[in-house]
Amino acid sequence: MGEYSNAEYVGLEEDASPRYDNFKKVSIVPLIFLIFYEVSGGPFGVEDTVQAAGPLLALLGFLLFPFIWSIPEALITAEMGTMFPENCGYVVWVSAALGPYWGFQQGWMKWLSGVIDNALYPVLFLDYLKSAIPGLEGGLPRTIAILALTMALTYMNYRGLTVVGWVAVLLGVFSILPFVVMGMVAIPELEPSRWFVIDLHNVNWGLYLNTLFWNLNYWDSISTLSGEVENPNKTLPKALFYALILVVLGYFVPLLVGTGAIPLDREMWVDGYFADIGKILGGIWLRSWIQGASAVSNMGMFVAEMSSDSFQLMGMAERGMLPDFFAKRSRYGTPLTGILFSASGVILLSWLSFQEIIAAENFLYCFGMIMEFIAFVKLRMRYPAASRPYRIPIGTTGAILMCIPPTLLICVVLALASFKVMVISLLAVMVGLVMQPCLVYAEKKRWLRFSTSSDLPDFLSAHHRDTESGKQ
């Protein structure tokens, strides 16, 4: 996927690497499954692509879309994440390229989109259980259940990232296995002609593209855990590569089985239809297994997303962008304040509907990705000789060309957003534009304490020196 070197982390100047040796680092296997849950969590939620566009376009979508979006985003994450292996992640990429003001905006939009996304998972988890426990369908019992589930999963995050990583491995294996079994059971029933059904006059392009986009994004989220990874220069690119294969196969194979083994009825392809397919092919036991896998998959996605969100806040505090109390670690090495803030955001946003959550997070996420693409290209142009332990084997022109297809896709997703989602998202963006100057003013007045970790390289002074040397 690219080129490696043995260079040390120096940011854009020669300085010491950030070290957190008192806490256990995350190894490659848990990291693969953390990425898997940041991005996917299994084929739950891909059914809408068949309903929207039919079998052939659904299958082609999950084969071709990764080349347009997932692979470029994963490659950029590998290069930039090893260039800046710290918990600030994409925030420090944008700060190094565009300055701390825009870095803060990146952090605000990405954190908010992550919290919005995470508000979805406790709700979906209960949706899978309400058929067995009708009382969870609404009212006070459902509210209590959402709060209890959020607190339990939040406590898991508090106990440490290595705990979260190995829990993600166990949940991932449990989520994937029923589809392996379903594939084997379905072999005698497969009819390849069913895969090629297409009706271009009956395609819901909005639903189709939004579903693909939602199921194949968030590759950059793992960058905010780079400071917690064991040997990130080697581990992060490898984990991204293996996770990419796992995610694509985890979508494509179940779709191949479901569309090939069952006569097509597009209206039946809604969330949860894989469980019905499991019952048709294997019986009630397989349906129950898939339903259980769907439920625990939401738990895996919740803990992975909360880890990313909370460590991002800690990384921003270590860069002096947020008050010092965000940088404090618990005795387990986890960012306690970041976890509490992220959990509070999840609880406050859990009243939103599924469609509103998806649309709002996609809109904010797209703004953040545009800044990442700009930062990637600008750093390639401004600092071509800077240390990049993993480097995508393309030049500046290739870097620009690689960013064009996903940027065009972002424009399409933004254009498909409803007016309500646009207004709410733009208001959220405006909050970030005002919040950063307010925090600067609070620091100036000494109302809040801010500081930059001495373990991190000062890329801003590197900017200044390079600019001055260029003038001479």
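Biologist: Why is R446 called exposed?

Modeller: The term rests on relative accessible area, where over 50% is exposed, under 20% is buried and anything in between is partly exposed, computed with a 1.4 Å probe on protein chains only. R446 stands at 76%, so it counts as exposed. This is a predicted model, in which local features need pLDDT of at least 70 and side-chain atom pairs count only at pLDDT 80 or more, while totals for chains, interfaces and linings use all residues. Residues are numbered from 1 along each chain as its sequence is written, and side-chain values use heavy atoms, with hydrogens and water left out.

Biologist: What makes N231 partly exposed?

Modeller: The relative accessible area of N231 is 46%, so it is placed in the partly exposed class. N231 lies in the loop between α9 and α10 (232-261), and its phi, near 50°, is again a positive value in a residue other than glycine.

Biologist: How do you know whether V26 is buried or exposed?

Modeller: V26 has a relative accessibility of 3%, and therefore counts as buried. It belongs to the loop between β1 (3-4) and α1. Contact means heavy atoms within 4.5 Å, and, not counting residues up to four places away in sequence, V26 touches L31, L34, L161, E228, V229 and E230. Of these, L161 is 135 residues from V26 in sequence, yet the two C-alpha atoms are 7.2 Å apart in space.

Biologist: And S425, buried or exposed?

Modeller: S425 is buried, because its relative accessible area is 2%. This residue is in helix α16, and, leaving aside its neighbours within four places in sequence, it is in contact with A360, F363 and L364.

Biologist: What describes how two helices pack?

Modeller: Two packed helices are described by the angle between their axes and the distance between the axes. Axes here are lines fitted to C-alpha atoms, for helices over the stretch in contact, and the angles run from 0 to 180 degrees between N-to-C directions.

Biologist: Why is α1 called roughly perpendicular to α12?

Modeller: The axes of α1 (residues 28-39) and α12 (residues 284-318) come within 8 Å and cross at roughly 100°. Angles under 35 degrees count as roughly parallel, over 145 as roughly antiparallel, 65 to 115 as roughly perpendicular and the rest as oblique, so α1 is roughly perpendicular to α12. L34, Y37 and E38 of α1 make the contact with S297, G300, M301, A304, E305 and S308 of α12.

Biologist: What makes α5 oblique to α16?

Modeller: The axes of α5 (residues 100-118) and α16 (residues 419-444) cross at roughly 130° and come within 9 Å, and that angle makes α5 oblique to α16. Residues in contact include W102, W108 and L112 of α5 and V429, M435 and P437 of α16. A crossing is right-handed if the near helix is turned clockwise from the far one by less than a right angle, and left-handed if anticlockwise; α5 passes α16 in a right-handed crossing.

Biologist: Why is α3 called oblique to α9?

Modeller: For α3 (residues 55-83) and α9 (residues 205-215) the crossing angle is roughly 55°, with the axes coming within 10 Å, and therefore α3 is oblique to α9. The crossing is right-handed, and among the residues that meet are F62, F65 and W69 in α3 and W205, Y208 and F213 in α9.

Biologist: How do you know that the span of α13 agrees with its number of residues?

Modeller: The expected span is 1.5 Å times one less than the number of residues. For the 14 residues of α13 (residues 336-349) that should be 20 Å, and the end C-alpha atoms are 20 Å apart, which agrees. The buried residues of α13 include T337, I339 and V346, and its buried residues pack against α5, α7 (139-158) and α12.

Biologist: Where does α15 bend, and by how much?

Modeller: The bend at a residue is the angle between axes fitted to the seven residues ending there and the seven starting there. In α15 this comes to about 30° at I404, with a proline, P405, following within four residues. From first C-alpha to last, the 21 residues of α15 (residues 396-416) reach 31 Å, close to the expected 30 Å.

Definitions and conventions:
Helix = DSSP H or I, 4+ residues; strand = E, 2+ residues; numbered from the N terminus.
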